[in-house]
Amino acid sequence: MSTYPNESEMARRIGENEARFRDANEKIEDAALRLQPDMNTLPFVCECGRPDCFAPLRLTVAEYELARQSATFFVCLPGHQLIGKDLGREVDIRDRFVIVEKLGSAGAVAEARDPRQQEAEKTG
Ligand SMILES: [Zn+2]
């Protein structure tokens, strides 16, 4: 992580990555619910925010929805969670996934980029 000029810049970029993968997962859920609403688990992607992580993450829709309860929540593989005062804290640790609440500047990016919040603003 020494390529980042400072810690808050690092946290901001991690937040951007997480938001990007969350956008991808929202599209996966939409498409899957349209095509195969009875599927048991869906192939989501890890939202840990590491620039080199493209790990698949199989979740049920109900599990995925746990992570969409808040604009600052992200879901990732166990062991991929980035924890720290300007990064995040674990809110739910399961066998197959971990839900992380983003804090500090990573949390601010997460909230600003939440696709569900933007949708709510558009429709009122
Ligand atoms: Zn990951």
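The radius of gyration here is taken over C-alpha atoms, and the globule rule is 2.2 Å times the number of residues to the power 0.38. With 124 residues, a compact globule would come out near 14 Å, and the protein has 14 Å, which agrees. Keep in mind that this is a predicted model: local features need pLDDT of at least 70, side-chain atom pairs count only at pLDDT 80 or more, and totals for chains, interfaces and linings use all residues. Residues are numbered from 1 along each chain as its sequence is written.

**Overall build**
- You get four helices and five strands, both being DSSP runs numbered from the N terminus (helices are H or I, at least four residues; strands are E, at least two).
- Reading from the N terminus, the order is α-β-β-α-β-β-β-α-α.
- The C-alpha trace spans about 45 × 40 × 25 Å along its principal axes.

**Strands S3, S4 and S5**
- S5 (residues 98-102) pairs with S3 in the antiparallel sense over four bridges; pairing takes at least two DSSP bridges between two strands.
- S5 also pairs antiparallel with S4 (residues 88-93), this time over five bridges, and a hairpin of four residues joins S4 to S5.
- Ile99 in S5 sits opposite Val75 and is also the bridge partner of Asp92.

**What's buried**
- Buried residues (20 or more other C-beta atoms within 10 Å of their own, with C-beta atoms placed from the backbone) make up 29% of the 124.
- In S3 (residues 73-76), Phe73 and Val75 point one way, Phe74 and Cys76 the other, and all are buried.
- In a regular strand the side chains alternate between the two faces of the sheet.

Definitions and conventions
A residue is buried if 20 or more other C-beta atoms lie within 10 Å of its own, exposed if 12 or fewer, and partly exposed in between; C-beta atoms are placed from the backbone.
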